[in-house]
Amino acid sequence: MSEAKKYPAPVTNPETAAFWDAAKQGKFMIKRCTACGEAHYFPRAICPFCYSDKTVWEESSGEATIYTYSLMRKSPTGPYAIGYVTLKEGPSLQTNFVDCDLEKLKIGQKVKVVFKPTDGAPLPFFTTV
């Protein structure tokens with residue numbers, strides 16, 4: 001029987017604590033700037049678009065589309081895929097793809113967020129829909 005993959009616990013700080021607390025509840029959070037209206041990820045206090053500090057937390061649907069990906073077939077830990085996804089709310093982010101047939105991934109494919117346990121807050125990854 002294969003052992004479940006163990007993921008490292010995320011390092012938290014006061015600026016990201018709300019993100020990790022929400023992850024423990026199964027919620028994927030992003031930030032939205034109330035000055036310019038743009039959503040962004042990774043959540044941070046200052047808007048990367050207009051540099052305003054007027055940002056608020058917003059729960060993401062967790063739905064996304066694969067923008068690009070790379071499949072690593074030869075690795076000491078086995079094959080894995082990383083890539084960029086674009087959230088339904090607009091931001092793009094880098095992620096790992098899990099719990100899916102990596103050979104069937106394709107650009108434009110719909111994916112959704114899944115959380116994997118750690119010794120701390122769970123980590124967000126994406127899987128096919």
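The model is predicted, so local features need pLDDT of at least 70 and side-chain atom pairs count only at pLDDT 80 or more, while totals for chains, interfaces and linings use all residues. Residues are numbered from 1 along each chain as its sequence is written, and side-chain values use heavy atoms, with hydrogens and water left out.

I begin with the fold. The chain has one helix and eight strands, where helices (H or I, at least four residues) and strands (E, at least two) are DSSP runs numbered from the N terminus. Along the sequence the order is α-β-β-β-β-β-β-β-β. The radius of gyration is 16 Å, close to the 14 Å that the globule rule gives for 129 residues, so the chain is as compact as a globular protein of that length. That radius is taken over C-alpha atoms, and the globule rule is 2.2 Å times the number of residues to the power 0.38. Along the principal axes, the C-alpha atoms fill a box of roughly 50 × 35 × 20 Å.

Of the 129 residues, 38% count as buried, meaning under 20% relative accessible area with a 1.4 Å probe, protein chains only.

I turn now to threonine 127, which lies in strand 8 (residues 123-128). Is this residue buried or exposed? Threonine 127 counts as buried because its relative accessibility is 6%. Leaving aside residues up to four places away in sequence, threonine 127 touches Val98, Asp99, Cys100, Val111, Lys112 and Val114; contact means heavy atoms within 4.5 Å. A polar atom of the threonine 127 side chain lies 3.1 Å from the backbone oxygen of aspartate 99.

Definitions and conventions. Buried < 20%, exposed > 50% of the residue type's maximum accessible area, 1.4 Å probe, protein only. Polar contact = N/O pair within 3.5 Å; in protein donor to acceptor, adjacent residues only side chain to side chain.
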